[in-house]
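Trainee: I would like to go through the labels on this model and ask what each one rests on.

Mentor: Go ahead, and we will set the values against the cut-offs.

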Amino acid sequence: MTATILDELAAHARERVEQATQQRPYEQVKAEALALPRGDFAFEKALAKPGISFICECKKASPSKGLIAPDFDYLSIARDYEAAGADCISVLTEPKWFLGSDQYLREITAVVSTPCIRKDFTVDAYMIYEAKLLGASAVLLICAILSEQQIRDYIDVCNTLGLTALVEAHDEDEVRTAVRAGARVIGVNNRNLKDFSVDTANSARLRALIPSDVLFVSESGVSGLDDVQAVRDMGADAVLVGEILMRADDKKAALAALRGEGA
């Protein structure tokens, strides 16, 4: 069976954890994270407010689109998002395919008060403790690369630290797995991470499987006001917006347009 990009991303994440633990042992990182004040689940609070919330993505590149932002002034981008009223900021830390860095997240969380999610391919609790130390308010858990027990265990770690777990699903079985594992925030990715095709109807199909007391995020494929309206109509609590904002010269104006402000 041919390995997908997602398989490779997960495998590389495991290699990164192995290397990181040689520099800073698991117990040390865990102890340092637990020594910090417990978080207040700011990420999910931001998604739970009335109306649709916007999670704005800070990323330099992606496997499907290649280099998106050659001049990647991530601090200016994050400040622009905050000034524009972004509810949350998603910061890519995966280094090989997305050209992300832990440094980006550490520096961004130091200069903005907007809740940030460490967007990476979490394959070990070590990465959750790392996220806490980097200043994140949330982490991404992807059903396609984790077992139900792992998701449950990692949500427990998040709860201990006061972080939100955004549990990402792409099909019916994964949504059911996320619900059984106790996810309070479920994201439906409209981009298939196995072949990178985009189907914005995916969120609409899976919405009915997500309980009303679970926050629902529609991810990927949003490029205009009509897409936002469609997501709002299906009852999403939030939308993750990446490429359209990253490619916009005026990110404040681009986010305002997606919100329908000044239209």
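Trainee: Why is Cys-56 called buried?

Mentor: The model is predicted, and in it Cys-56 has a relative accessible area of 0%. Buried means under 20%, so Cys-56 qualifies.

Trainee: How do you know that Cys-56 is in no disulfide?

Mentor: The nearest cysteine sulfur, that of Cys-88, lies 8.9 Å away. For Cys-88, the nearest cysteine sulfur belongs to Cys-116, at 8.3 Å, and Cys-88 is in no disulfide either. Searching the whole structure gives zero disulfides.

Trainee: What makes Lys-49 and Asp-87 a salt bridge?

Mentor: Their closest N and O atoms are 3.5 Å apart. The limit is 4 Å, so the pair is counted. It links distant parts of the chain, 38 residues apart: Lys-49 is in the loop between helix 3 and strand 1, and Asp-87 in the loop between helix 4 and strand 4.

Trainee: Why is Lys-49 called partly exposed, and which label does Asp-87 get?

Mentor: Lys-49 has 33% relative accessibility. Asp-87, at 11%, is buried.

Trainee: What separates Glu-148 and Arg-152 in helix 7?

Mentor: About one helical turn, because they are four residues apart in that helix. They form a salt bridge, with the closest N and O atoms 2.9 Å apart.

Terms used
Residues are numbered from 1 along each chain as its sequence is written. This is a predicted model: local features need pLDDT of at least 70, side-chain atom pairs count only at pLDDT 80 or more; totals for chains, interfaces and linings use all residues. Side-chain values use heavy atoms; hydrogens and water are left out. A disulfide is a pair of cysteine sulfur atoms within 2.5 Å. Buried means under 20% relative accessible area, exposed over 50%, partly exposed in between (1.4 Å probe, protein chains only). A salt bridge is a side-chain nitrogen of Lys or Arg within 4 Å of a carboxyl oxygen of Asp or Glu. Helices (H or I, at least four residues) and strands (E, at least two) are DSSP runs, numbered from the N terminus.
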